[in-house]
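Q: Could you walk me through this model? I'd like to begin with how the chains meet and then look at a few individual residues.

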4 protein chains.
Amino acid sequence: MQKARIKSSEDYIQSLRGRNLKVYLMGQLVEEPVDHPMMRPSINAMALTYELETEKPELATALSPYTGEPVNRFLHVAMQAEDVVQQNQLQRCLGQLTGTCFQRCVGMDALNSLYSVTYEIDQKYGTPYHTRLKGFIREIQLHNYVIGGAMTDVKGDRSQPPSAQADPDMYLHISKRTPDGVYIRGAKAHQTGAINSHWLVVMPTLRLQPNEADFAIVGALPVDAAGITYVVGRQSCDTRGLESEMEAGNARFSGQEALVIFEDAFIPNELIFMNGETDFTAMLVERFTAFHRRSYVCKAGVGDVLIGAAALAAEYHGVENSSHIRDKLVEMTYLNETIYATGMASSYQSHLTASGAYLCDQLLANVCKQQVTRVTYEMARLAQDLAGGLLVTMPSQADHQQQQIGPLVDKYLRARQDVPTENRMRILRLIENLTLGRNAVGYLTESLHGAGSPQAQRIQIQRQMDLGAKKSLAKNLSGIR
Amino acid sequence: MQKARIKSSEDYIQSLRGRNLKVYLMGQLVEEPVDHPMMRPSINAMALTYELETEKPELATALSPYTGEPVNRFLHVAMQAEDVVQQNQLQRCLGQLTGTCFQRCVGMDALNSLYSVTYEIDQKYGTPYHTRLKGFIREIQLHNYVIGGAMTDVKGDRSQPPSAQADPDMYLHISKRTPDGVYIRGAKAHQTGAINSHWLVVMPTLRLQPNEADFAIVGALPVDAAGITYVVGRQSCDTRGLESEMEAGNARFSGQEALVIFEDAFIPNELIFMNGETDFTAMLVERFTAFHRRSYVCKAGVGDVLIGAAALAAEYHGVENSSHIRDKLVEMTYLNETIYATGMASSYQSHLTASGAYLCDQLLANVCKQQVTRVTYEMARLAQDLAGGLLVTMPSQADHQQQQIGPLVDKYLRARQDVPTENRMRILRLIENLTLGRNAVGYLTESLHGAGSPQAQRIQIQRQMDLGAKKSLAKNLSGIR
Amino acid sequence: MQKARIKSSEDYIQSLRGRNLKVYLMGQLVEEPVDHPMMRPSINAMALTYELETEKPELATALSPYTGEPVNRFLHVAMQAEDVVQQNQLQRCLGQLTGTCFQRCVGMDALNSLYSVTYEIDQKYGTPYHTRLKGFIREIQLHNYVIGGAMTDVKGDRSQPPSAQADPDMYLHISKRTPDGVYIRGAKAHQTGAINSHWLVVMPTLRLQPNEADFAIVGALPVDAAGITYVVGRQSCDTRGLESEMEAGNARFSGQEALVIFEDAFIPNELIFMNGETDFTAMLVERFTAFHRRSYVCKAGVGDVLIGAAALAAEYHGVENSSHIRDKLVEMTYLNETIYATGMASSYQSHLTASGAYLCDQLLANVCKQQVTRVTYEMARLAQDLAGGLLVTMPSQADHQQQQIGPLVDKYLRARQDVPTENRMRILRLIENLTLGRNAVGYLTESLHGAGSPQAQRIQIQRQMDLGAKKSLAKNLSGIR
Amino acid sequence: MQKARIKSSEDYIQSLRGRNLKVYLMGQLVEEPVDHPMMRPSINAMALTYELETEKPELATALSPYTGEPVNRFLHVAMQAEDVVQQNQLQRCLGQLTGTCFQRCVGMDALNSLYSVTYEIDQKYGTPYHTRLKGFIREIQLHNYVIGGAMTDVKGDRSQPPSAQADPDMYLHISKRTPDGVYIRGAKAHQTGAINSHWLVVMPTLRLQPNEADFAIVGALPVDAAGITYVVGRQSCDTRGLESEMEAGNARFSGQEALVIFEDAFIPNELIFMNGETDFTAMLVERFTAFHRRSYVCKAGVGDVLIGAAALAAEYHGVENSSHIRDKLVEMTYLNETIYATGMASSYQSHLTASGAYLCDQLLANVCKQQVTRVTYEMARLAQDLAGGLLVTMPSQADHQQQQIGPLVDKYLRARQDVPTENRMRILRLIENLTLGRNAVGYLTESLHGAGSPQAQRIQIQRQMDLGAKKSLAKNLSGIR
């Protein structure tokens, strides 16, 4: 692994080369992900998190108490509410610039939640996890690494807990213990940006029972550790970028999610941050998902792109002043800002944990994510409404450039005479990309299932809605004694 | 008017006595509003804003730079974002405690917006409005008065501007000017808590044109100034409280709105804060409505009462553990918190104005209010769903207490055997009160129209949605140059 | 009871006089319901079902196979799909003319469902119910009586079935059996138009178990049978009509629902249509609710009134050509027609039962009712949006007519100069009536809970959604074998 | 063109061979569409309309008054309401069997609307259009041809009418007139199944003004007429089927839409059905769109597939009995049936036109289509919720079949142990196909824009909502005279 500090997006991309990862995509072993045209867009998106360090340092960096230097905000643990708020601002900005999932939030949210949870485990059990974690954070800050947080297990039969699965590997677990560390088996699904990371931090995916101690493992591994295999997921229209940049809609940026399989991969003791403390698994999952659910403020940034694209389509069609068009843009803006506002309120209302780190408001974080699961689909519908039917019947760029048919395509697809047909085609392809194509994966389905499916938020809301206090208010006003 | 400082809710109620206001209700001149059973609940709600001064001083008071003493937060001008945030916290708390509109926000929002606007008028025109306003604020803080903000004109034919109305009095305007001040004519509609106030601050209701200078008047009048008449509005079920406390659902608290008619009422020069500067009317309306639209966080407090009432109804019916019941309570909580979160995000994102005062985020304030116009109706629907049909078919308390029929009513309206029938009846009456009855006025219709109807928010969202920046994002990603 | 055939609305009202019913309202025994100003509006609404016999005979009557004469359609059993369709047309028409619940559908739906169910019971058990029922129908057709269908029990603790209630009277049941008939005890809640009926038909409210035979009783009783007591339910703003016609909004018409208590009331053998056949209770409930859920097409008629009122309000305000106003009227129309269309589709798709009578499509009937539970609330919200805030802050008619204040109220509440202020006040009162007031009870809460609460429809939809067939379609297309 | 009667799907496919059409796809001239793997699925879907003739003749055929024989229902003019209803039943059935757009409705709806419109033109102007049309219908029935209805022009600058476009070809128009017929120029966009048709019927796309007579042309051309060029539109994931059947989700069936360019193509007099009668263009558009908007009942058939697929996913995951899962399937069914019911109600309410043919209810047809534009997106969201995140992160079939990685993929993607992993993968691919992939084009975006965008329906609803009658109802009830 790269040893020198990563100082730029170029350094970052260079750092990914030559790692000898076992990566499969569409049945093929990928020689060098950096050079694979289907994988590169996701690397570009991640690279932007480095570029912003120099372009917007006040947003993209924070002062580390460990190194005494500014570090990338994605590697910083929030020690004040303002830090949590700034995470959201950074996320919206990156959503705006990439129009996709830039993949670096999971690691940030993992470090932030582990910071306070390891502290509390140590308080109870006298374990050394918190000190180890701080050492690990210092190292990754010094190198400016990307951390992937690996939580979601493949889960097998959802009606059964980990310990009752026919195949025990359905949840990642310790397969062997040695004096120096542990070996783990299992697989983590939907791993965002895993192949674009330098380190993976594995964590349990749900509240475990006392008899499930082998599943209660948290630890860090380099992405190229022995025993790890990556299988890249298919995405809608993922091969479009192979045809041409324009056909892809947003050819430069995309998300990435992989199935990561661990076949007895090793974690040394000094990188283990939980080992069998099943009573802390619920706290870890709740804190991680609280951070991560409000991280979906990024979708407000992607929503800004979609609003802009829809407005351009209307402008190109000559209808931008029609009242129903304006009204739909207002509706999209209103919906989009509810994502931002609920996430930001959660971050602003952060509170101090025993560890000294701040934790966002959990109820509002779940409200934010629940909002995301609904709003993005309605945004997509409205954007397609404004785009017009050509969105899904438009000839290809190859037709537009073909000698015989090209001039006819150009003539007949022109809307406003002063707007080049190609511009109209590009903006429709971008809307297709965001609502049906490659980045619809992140904007829609990931908005639904990432950081937990809608029902997972509802369970948390139920836990935190404090009906008792609300019943008292009602009793008091209705005169019940 | 009361001269001694108002130090308690009792002082406040005392201060309202003997003012010789001309108040009409249902065709009758009201002798003493304080003693009128239909008006008293609204006075009780306002009185709670005084009670909280001693019960929750950190929430309900703020340190005044003018008096050097803690003053009621409703009279304080926010000089930091945290002050704006605390307004929202106070509003939610009062919504929870009263289950209705406590009527004191308009004045707070008027003072806060006038503070910065008068400063900017003075900067441009060398007028003395800002100094006058600070003097006025000091006076009301010293006496701890209630300020009513009077903005909404009756408007006549909505297709015509003020200057083109057949009857010029459709918008309040200066009818005569003297060296000592101005006389005003017109009427303000829907005036929340006007009769429970000590002072009224009149303000124009919309952006005025240069030829409409007579309508551009801002100034303060005591509520008992010569020439003012009040006509109290009807409310759904407003006479229920005359029957019995229980029939009213929430007999102790209600809102109040009146038509306030000004027939050449006088404002002395030192209480005039705008006089003809039509170019500042849009700024005033925008800033006032920004503050006031995010003030609707109070409805999240009322929503807490409604959620608690619905949960109690379910509990009394023996179904609180049914999955669809739980899910509806989760849905209500989720919806309710989106009101809170959007308002709070607006307040947290407050920014400094030239005057030194803070102004909430205008886009998010409008998003908050738009959310309120939708969410409260869905909350009401869900609460009625949980309440069951008896909500609207339940015999009266008089039947329940009647000698012959009472025992039968008690027997047949009992749900869970261990819950007194009366408790069930009380909680259903409270839900009726909030969704159809007297406080539905504030929870529903006022949520729709207060601080501007839904379309007014959409116009502001349109003004602030910055399509230009969003189009640039889309162009950049789609490769349009 | 009236013996001569009821030939007109006047006859009908006359037929209700002097019945010596035990009716309680607000703690008082009601001397003569017909003359009670709070009860009369519901009688007027029912009377209109007679008036239409002569005004629109093709809609309001059908040829009886029993009498050979045209009879009121509410007493007719549908022997072809077209009959079922015509019921819906009649219901929408009456909703339009009354703006409320006209209360005669329950009886119609009870007769129609009992017709086929009694036939099938007799087929299985050799009982004489079907013949008895036909005899009963012939009698009521000859006299042109109003039939109330009494299904909903008070239910006590909802977590327990009838047989496990602490108090067995929570579900109506046979308290004594004699050679001549049975005595019944219990109470039916929310009984629509019961006091305005001539006969009540009691029916079980849910699927019963074999050990609950005493609860499986269907039979007819005259409303003035010994042992029956009526307690009229409170409604929002129910006393407004006592003040003035205009204050009520719709003073002429209202709905009516009562708690009906049976203290050992007698049903003679010849009027018993089910007695212990618990295995047919589910069929009866399902068929009755199928008919009754699609009967909510009446709400599309009430919706027509609300749309018209909202359009008038907009016109009076001078904004009827504003694009957002037009759009909201379109939205209301669209929503309203989905009620009509889903109900009508259910009726058109009626199928023949073994008895020869037609039964509406059950899945679509439940879809219709589910639609009603959502759409009416959104309609109310939109209507209030169009009405403006004055809806809930408007002075009373008494103020408008008062000598001193009246002219000022008239002046300041005038919107368009050519529209009398009174007209504006009347239309706002009508919208208040339909969305918060007396007829909101029927338009909103009854739309939610009448014919079963939303969850009841969902259970039926689940039973009829035939996932097996749908899974096969999906398997086939995805290539699963 | 094929001369023998097409008697089977095989005949149909044979009839498409060797036509020498000028078809472009992705920049290439397509040699033989029938054999092109990207085009074949749309041909398969159309072929099913022939297959049903023998499999479900009562549904798929109707007795022709012209040939005296049963003909394909898609070629039949409805001479009774029941015929219109049967169209909807057939459409739902084909949606269920193909999971996509089977492309034959436009022609059916064109013939049905032209039948009555040509009759009325002839009545007014003494033209021979109706007779010609009947002759044409007889011919196509004899051969059992597919008719494509070509209405939507490319439209250029939407702020300008046809006659004011910078380029007159933005709306199809007569470029030359000869004694034998007319030549036409322009292009029709989004032409569903055009290349799979035998004949095209061109029609104007909007209400024309008197000075736009050249645009008022209706006529029929064989698809291989000189001067016609086809450019096939791109679809989301349209190349997936080239990889493997399973990766496509639904490899067998898809929709097809093309840009059809007319460069002075000829229509002989006997195939002209309108020529300059601009005053009938609005009637034609309204009647065609009425038929076509209610034709979207097909989406309820596709919705059945989606519900089945979502239910299978839940079953495979072991969660089919979870209450929130059941509830989401109920919600999908409810939403899906509202499409069916509104369309069916429109068809049942068909009325006789002067020509003797039946026309569906226009208001309800527009309500149906408006419902489709909203419901399908919510259905897709719910289906994705039930599918789980693997929907968009699932490795490819190639990975599943690869030697090294295949067994691991199989192991870790297995949910319930008794369900083969491949089955789970297949069902997720089908849901991807319908909600993001190739058939999302038809299920979502076409549901939005086909037969007119949402705003087009709202304009029609506005025209038909009869506010006058509704206002009268409200006036009457509120006592306004």
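Q: How much area do chain A and chain D bury between them, and how much of it is on carbon and sulfur atoms?
A: In this predicted model, chain A and chain D bury about 6,500 Å² between them, and 60% of that area is on carbon and sulfur atoms. On the chain A side, Arg234(A), Arg381(A) and Tyr412(A) supply 13% of the area buried against chain D, which is more than any other three residues supply.

Q: And how many residues does each chain bring to the contact?
A: Chain A brings 80 residues and chain D brings 81 residues.

Q: What about salt bridges, how many are there between chain A and chain D?
A: The count between these two chains is 8 salt bridges. Among them is the one in which the side chains of Lys411(A) and Asp169(D) meet, at 2.8 Å from N to O.

Q: How many residue pairs are in polar contact there?
A: Between chain A and chain D there are 33 residue pairs in polar contact, counting pairs with both residues at pLDDT 80 or more.

Q: Which helix gives the most to the side of chain A that touches chain D?
A: That is helix H12 of chain A, residues 362-387, which gives 6 residues to that side.

Q: Why do you say the copies meet through the same surface?
A: Because 100% of the interface residues of chain A are also interface residues in chain D, the copies meet through the same surface.

Q: Switching to backbone angles, which phi value does Cys237(B) have?
A: Cys237(B) has a positive phi of about 60°, although it is not a glycine. For context, most residues other than glycine have a negative phi. Cys237(B) sits in the loop between strand E10 (228-232) and helix H7 (240-243) of chain B, and with 9% relative accessibility it counts as buried.

Q: And Asp264(C), where does that one lie, and is it buried or partly exposed?
A: Asp264(C) is in strand E11 of chain C, residues 257-268, and at 34% relative accessibility it counts as partly exposed. Its phi is near 55°, again a positive value in a residue other than glycine.

Q: Let's move to His190(B): what does it touch?
A: Leaving out residues up to four places away in sequence, His190(B) touches Thr152(B), Glu257(B) and Ala258(B), together with Gly389(C), Leu390(C) and Thr393(C). With Thr393(C) there is a side-chain polar contact of 2.7 Å. Ala258(B) is 68 residues away from His190(B) in sequence, yet their C-alpha atoms are 5.4 Å apart in space.

Q: Which strand holds His190(B), and how accessible is it?
A: His190(B) belongs to strand E7 of chain B, residues 181-192, and its relative accessibility of 24% makes it partly exposed.

Q: Last one, Gln91(D): buried or exposed, and which residues is it in contact with?
A: Gln91(D) counts as buried, at 0% relative accessibility, and it lies in helix H4 of chain D, residues 81-98. Apart from neighbours within four places in sequence, Gln91(D) is in contact with Phe102(D), Cys105(D), Met108(D), Arg294(D), Ser295(D) and Cys298(D).

Methods: Residues numbered from 1 in each chain as written. Chains lettered and ligands numbered in written order. Predicted model: local features only at pLDDT ≥ 70, side-chain atom pairs only at ≥ 80, totals over all residues. Heavy atoms only, no water. Contact = heavy atoms within 4.5 Å. Buried area = accessible area lost by both parts, 1.4 Å probe. Salt bridge = Lys/Arg side-chain N within 4 Å of Asp/Glu carboxyl O. Polar contact = N/O pair within 3.5 Å; in protein donor to acceptor, adjacent residues only side chain to side chain. Helix = DSSP H or I, 4+ residues; strand = E, 2+ residues; numbered from the N terminus. Buried < 20%, exposed > 50% of the residue type's maximum accessible area, 1.4 Å probe, protein only.
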